Amino acid sequence: MKLSVKQALYEVMKDGDFYTIWDLRRMIAFHYDVYSMETSISAVMRSFRWDENRAKFNLPRDEDVEVLVKQNRPNGKGYLYKLITEEQ
């Protein structure tokens, strides 16, 4: 069964490392044969903040806790993103 973009992103990001949108796009395509544009990936990542996705993917349920950390990429354009899970 093929994973959705959301499921593939979670599988890549659950390790707690920082990734660029471009890294994520390449990784979900390579590992899960899931293809998506950067804008869609960004929207799916933001959806991890929703309560139903926090529950489904075992993310912190406290809405005061940010589940998607975004920081400027050093020496380059774009951002780095990190998913915060309950295990971290």
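Asp23 is partly exposed, with a relative accessible area of 24%; the classes used are buried for under 20% relative accessible area, exposed for over 50% and partly exposed in between, with a 1.4 Å probe and protein chains only. The model is predicted, so that local features need pLDDT of at least 70 and side-chain atom pairs count only at pLDDT 80 or more, whereas totals for chains, interfaces and linings use all residues. Residues are numbered from 1 along each chain as its sequence is written, and side-chain values use heavy atoms, with hydrogens and water left out.

The side chain of Asp23 forms a salt bridge with that of Arg26, at 2.8 Å from N to O; a salt bridge is defined as a side-chain nitrogen of Lys or Arg within 4 Å of a carboxyl oxygen of Asp or Glu. Both residues belong to helix 2, where Arg26 and Asp23 are three residues apart, about one turn of the helix. Helices (H or I, at least four residues) and strands (E, at least two) are DSSP runs, numbered from the N terminus. An α-helix has 3.6 residues a turn, so residues three or four places apart point the same way. Arg26 is exposed, at a relative accessible area of 53%.

In the whole structure, five salt bridges are found. One of them joins the side chains of Glu38 and Arg25, at 3.0 Å from N to O. Because Glu38 lies in helix 3 and Arg25 in helix 2, this pair ties together parts that are 13 residues apart in sequence. Glu38 is partly exposed at 26% relative accessibility, and Arg25 is partly exposed with a relative accessible area of 36%. A salt bridge also links the side chains of Asp51 and Arg61, at 3.2 Å from N to O. Asp51 lies in helix 4 (residues 51-56) and Arg61 in the loop between helix 4 and strand 1, so the pair ties together parts that are ten residues apart in sequence. Asp51 has a relative accessible area of 33% and is partly exposed; Arg61 is likewise partly exposed, at 45%.

The protein chain contains four helices and two strands, arranged from the N terminus in the order α-α-α-α-β-β. Its radius of gyration is 12 Å, close to the 12 Å that the globule rule gives for 88 residues, so the chain is as compact as a globular protein of that length. This radius is taken over C-alpha atoms, and the globule rule is 2.2 Å times the number of residues to the power 0.38. The C-alpha trace spans about 40 × 30 × 20 Å along its principal axes. Of the 88 residues in the chain, 36% are buried. Contacts (heavy atoms within 4.5 Å) between residues at least 6 apart in sequence join residues at least 24 apart in 49% of cases. The accessible surface of the chain comes to about 5,500 Å², of which 50% belongs to carbon and sulfur atoms; accessible areas come from the Shrake-Rupley method with a 1.4 Å probe, and for residues only the protein chains shown count as cover.

The largest nonpolar core has 21 residues, and those with the most contacts inside it are Leu9, Met13, Leu24, Ile28, Met45 and Phe48. Helix 1, helix 2, helix 3 and strand 2 each supply at least two residues of this core, with the largest share, six residues, coming from helix 1. A nonpolar core is a set of buried Ala, Val, Leu, Ile, Met, Phe, Trp, Tyr and Cys residues joined through side-chain atoms within 4.5 Å. In helix 1 (residues 5-13), the buried residues are Val5, Ala8, Leu9, Tyr10, Val12 and Met13. Their cover includes helix 2 (21-32), helix 3 (38-47), strand 1 (68-72) and strand 2 (79-83). With residues up to four places away in sequence not counted, Phe48 touches Lys6, Leu9, Tyr10, Asn53, Arg54, Phe57, Leu59, Val67 and Leu83.

Gln7, also in helix 1, is partly exposed at 24% relative accessibility. Beyond its neighbours within four places in sequence, Gln7 is in contact with Lys56 and Phe57.

Asp33, in the loop between helix 2 and helix 3, has a positive phi of about 55° although it is not a glycine. Asn75, in the loop between strand 1 and strand 2, has a positive phi near 55°. Most residues other than glycine have a negative phi. Asp33 is partly exposed at 42% relative accessibility, whereas Asn75 is exposed at 85%.
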